[in-house]
Amino acid sequence: MPRTAPPAALVLGAGGLIPFLGLSALVILGQSLFGVSPRPLLAAYGAVIASFLGGLRWGAAAASPAGRGADYAVAIVPSLVAWAALFAPAPWDLRALGALVLAWGLVDQDLPRRGLVPAWLGRLRLALSGVAGLALLAAGFLGSP
């Protein structure tokens with residue numbers, strides 16, 4: 001397995017933070033995006049990304065010769081929690097999504113330890129989940145509902 005992240009993973013991962021940072025800033029500043037409230041856009045994007053994170057674990061389990069049933073079960077948790085968060089009232093929607101994204105960056109650290117994904121992916125996931133989760137939490141705590 002490669003020791004360093006491929007440039008495409010770094011660029012696309014960083015690019016995926018742009019909606020988190022931009023929409024969170026708009027929520028905190030109380031601004032709209034072309035006349036649309038950024039809060040539901042941020043919540044929807046957070047839920048989609050949370051589901052993507054679960055897909056990462058599902059894919060790692062599927063690629064493993066000894067794919068464990070527990071990995072598949074754990075992989076659906078982010079989608080279920082994110083779906084529920086979309087129904088939570090503001091500000092709890094963004095707070096729940098932020099906590100989920102932050103926590104999932106830590107939960108998935110067992111994947112590189114178990115050799116299911118390269119070590120660089122674990123490090124990249126921590127950085128990306130940290131920024132995304134903190135952006136969601138900032139909007140959930142500092143933005144108006």
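This is a predicted model: local features need pLDDT of at least 70, side-chain atom pairs count only at pLDDT 80 or more; totals for chains, interfaces and linings use all residues.
User: How many salt bridges does a search of the whole structure find?

Analyst: A salt bridge is counted where a side-chain nitrogen of Lys or Arg lies within 4 Å of a carboxyl oxygen of Asp or Glu. Searching the whole structure on that basis gives a total of 8.

User: Which helices hold Arg39 and Asp93, and how many residues apart in sequence are the parts that the pair ties together?

Analyst: Arg39 and Asp93 form a salt bridge, with 3.0 Å between the closest N and O atoms. Arg39 belongs to helix α3 (residues 38–63) and Asp93 to helix α6 (residues 92–107), so the pair ties together parts whose separation in sequence is 54 residues.

User: Is Arg39 buried or exposed, and what is the relative accessibility of Asp93?

Analyst: Buried means under 20% relative accessible area. Arg39 has 9%, and is therefore buried. Asp93 also falls under that cut-off and counts as buried, its relative accessibility being 7%.

User: Where do Asp108 and Arg125 lie, and how many residues apart in sequence are the parts they tie together?

Analyst: These two residues form a salt bridge whose closest N and O atoms are 2.5 Å apart. Asp108 is placed in the loop between α6 and α7 (110–113), and Arg125 in helix α8 (residues 119–142), so the pair ties together parts with a sequence separation of 17 residues.

User: What are the relative accessibilities of Asp108 and Arg125, and which residues are joined into one network?

Analyst: Asp108 is buried at 2% relative accessibility, and Arg125 is buried at 7%. Both belong to a network joined by salt bridges that share partners. Its members are Arg57, Arg68, Asp71, Asp108, Asp110, Arg114 and Arg125.

User: Which residues form the nonpolar patch on the surface, and which helix gives the largest share?

Analyst: The patch consists of Trp58, Ile76, Val77, Leu80 and Val81, which together have about 430 Å² of accessible area. Its largest share, 3 residues, comes from helix α5 (residues 77–87).

User: What is the relative accessibility of Val81?

Analyst: Val81 is part of the nonpolar patch and lies in helix α5. Val81 counts as partly exposed because its relative accessibility is 35%.

Terms used:
Residues are numbered from 1 along each chain as its sequence is written. Side-chain values use heavy atoms; hydrogens and water are left out. Helices (H or I, at least four residues) and strands (E, at least two) are DSSP runs, numbered from the N terminus. Buried means under 20% relative accessible area, exposed over 50%, partly exposed in between (1.4 Å probe, protein chains only). Patches are made of residues with over 30% relative accessible area and no salt bridge: like charges are joined within 9 Å, nonpolar side chains (Val, Leu, Ile, Met, Phe, Trp, Tyr) within 5 Å. Accessible areas come from the Shrake-Rupley method with a 1.4 Å probe; for residues, only the protein chains shown count as cover.
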